[in-house]
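Biologist: Can you walk me through this one? I'd like to go residue by residue and ask things as they come up.

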Amino acid sequence: MAADPYDGYVQALLDLTQSTEHDLAVSDGGDDFFRQIEDSVAEFEDDLLALADRTWESRAGLERNLGERFFLAFRALDSILAITYAATRLLTTGRLQYSKRPPRPVQYAASVLLTRSVGVGHEICAMLRAGFPGGAYARWRTLYELDVVAAVLRKGPRGTAARYINHRWVLVAKKPREYFPDDSEWMNIRPKVEKLAADLVSRYGPNYSNTYGWATEVTKRKLGVEKPQFWHLEKIADLKGHGQFLAGANHSVHADSLGGLLAIGRDGIMHSGARSDDIQIICALTVRTVGEIADSVIRMWKSYDPSAGLNVLVGLFGELSLTLQLDALAGTRAT
C-alpha cells in the first residue's frame, strides 16, 4: 500500500493557475497582478477547505485499514508501552514492597528514562498507525539513545545516576541560547546556573563539562577513556542486534541523498504518503528497545533494593518483551 491522500489537488491547482492566468491576461497589469493573486486565493479558499476535509477522511480510513491489517503488531506495541508505564508507577509510588528506596537521583533518573521511553513509543505508534514508518524509524533512533543511556546507568557505579541528572546544569551553562532565547530570562537565572555548573565541574572534575561528561567515571574505569563520545557509551552498553537498524535510522533523520531513497516504496514509486512497509518490523524493534530500557532501569533500581518483587519484575519483563516481539512479527490480519 502506498497512498498520498491528496486526490483532486493536482486538478484544483491547475484550474486555479489557468483561471488566474486568464484573468491577468485581460487585466491592465501593474498592481493588478498582486490584487488578482489575492482575489484568486480568496476565492479558492473554500474549495481548498473542502479538499482538506476529504484528506482528513482519507487519513482516518488509512489508519483504520492499517489498524485492522497489523492488529497484532499494534497490540504488542501498546502492550509493552502500557506495562512499562505500569512499572514506572509501581516503582515511583511505592506500591511494590521495598526493603529500602534508592537515593532520590536514582529514582528521578528511573522516572525520566521510563517516562521518556513510553512517550517516544507513543510517537512511534502514532506514526506507524498513520502509515509513516520512516518517521517512526527516526523516532526509534531517540529510543535507542535512551536504551544506551539506561544500560550505562545500570552498569555504572553508584553515583552515575546523580551525575547524569545533574549534568543538565552544565549543558545549559555551556549553550544557554539553545534553552533561553530570551536574553532577559537567561540573565535572571544566569548567576545561579553558572554557579551550579561550576560547582559540579569542581566536584566531578574538568571532563564533566564535556557533552557526555556524566559518564566519564564509567568510561575511565571500563575503557580507560576520560573524554567519552557516544560510541564509547554504546561500547559499554553492549546492546546486541541493533547495529543493522542504526544506519537506516540515521538516514531517516538526516537530509542526505541516501535518506531520499526512503521515499521510494517497495513498489519502486517515490511518494510522500502513507505506506505499510516495515510496520511489523518497527513495532517489534520498538517493543524490544522499550523492554531493554525497562530491564536496565529496574536492574539499576534493584542494585539498591534487592527485594523479591523487583527480581520477579525483571523476570516478567524479559519474558513479556520476548513474547510481544514474537506477537508483533506473527503476521497480518486480512483486510
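Biologist: Where is the place of D278?

Modeller: D278 sits in the loop between β2 (274–275) and α12. Keep in mind throughout that this is a predicted model.

Biologist: What is phi of D278 near?

Modeller: Phi of D278 is near 65°, which is a positive value in a residue other than glycine. D278 is partly exposed, with a relative accessible area of 33%.

Biologist: And D238, what is its phi near?

Modeller: Near 55°, also a positive value in a residue other than glycine. D238 is in the loop between α9 and α10. With 42% relative accessibility, D238 counts as partly exposed.

Biologist: Which residues make the contact?

Modeller: On the α5 side they are R141, Y144, E145, V148, A151, V152 and K155. From α9 come F230, L233, E234, I236 and A237.

Biologist: What about L246, buried or exposed?

Modeller: L246 is buried because its relative accessible area is 15%, and the cut-off for buried is under 20%. L246 is found in helix α10 (residues 243–253).

Biologist: Which residues does L246 touch, not counting residues up to four places away in sequence?

Modeller: W140, R141, Y144 and E234. L246 and W140 are 106 residues apart in sequence, and their C-alpha atoms are 9.2 Å apart in space. R141, Y144 and E234 are also among the residues that make the contact between α5 and α9.

Biologist: Switching to V290. Which helix does V290 lie in?

Modeller: V290 lies in helix α12. V290 is buried, with a relative accessible area of 0%.

Biologist: What is V290 in contact with, leaving aside neighbours within four places in sequence?

Modeller: I80, L81, T84, S117 and L143. As for V120, its C-alpha atom is separated from that of V290 by 9.5 Å, and the two residues are 170 apart along the chain.

Biologist: Okay, salt bridges. How many does the count come to?

Modeller: The count comes to 12 salt bridges. One of them is between the side chains of E63 and R129, at 2.6 Å from N to O. That pair links distant parts of the chain: E63 is in helix α2 (residues 32–69), R129 is in helix α4 (residues 104–129), and they are 66 residues apart.

Biologist: Why would such side chains pair at all?

Modeller: Side chains of opposite charge can pair when their charged atoms come close.

Biologist: E63 and R129: what relative accessible area does each have?

Modeller: E63 has 29% and R129 has 40%. E63 is partly exposed, and so is R129.

Biologist: What about R190 and E194, how many residues apart are they?

Modeller: They are 4 residues apart in helix α7 (residues 183–204), so about one helical turn separates R190 from E194. Their side chains meet in a salt bridge at 2.8 Å, N to O. R190 counts as partly exposed at 34% relative accessibility, and E194 does at 33%.

Biologist: Which residues are linked in a network of salt bridges?

Modeller: R163, E217 and R221 are linked that way. Separately, the side chains of E226 and K220 meet in a salt bridge at 3.8 Å, N to O. E226 is partly exposed at 40%, and K220 is partly exposed at 48%.

Biologist: Two left. Which residue's side chain does S307 make a polar contact with?

Modeller: The side chain of S307 makes a polar contact with that of D305, at 2.4 Å. S307 is placed in the loop between α12 (279–302) and α13 (308–328). At 8% relative accessibility, S307 counts as buried.

Biologist: And Q36, buried or exposed?

Modeller: Q36 counts as buried, at 17% relative accessibility. Q36 is found in helix α2. Not counting residues up to four places away in sequence, Q36 touches T20, D23 and L24.

Note on methods
Residues numbered from 1 in each chain as written. Predicted model: local features only at pLDDT ≥ 70, side-chain atom pairs only at ≥ 80, totals over all residues. Heavy atoms only, no water. Salt bridge = Lys/Arg side-chain N within 4 Å of Asp/Glu carboxyl O. Helix = DSSP H or I, 4+ residues; strand = E, 2+ residues; numbered from the N terminus. Buried < 20%, exposed > 50% of the residue type's maximum accessible area, 1.4 Å probe, protein only. Polar contact = N/O pair within 3.5 Å; in protein donor to acceptor, adjacent residues only side chain to side chain. Contact = heavy atoms within 4.5 Å.
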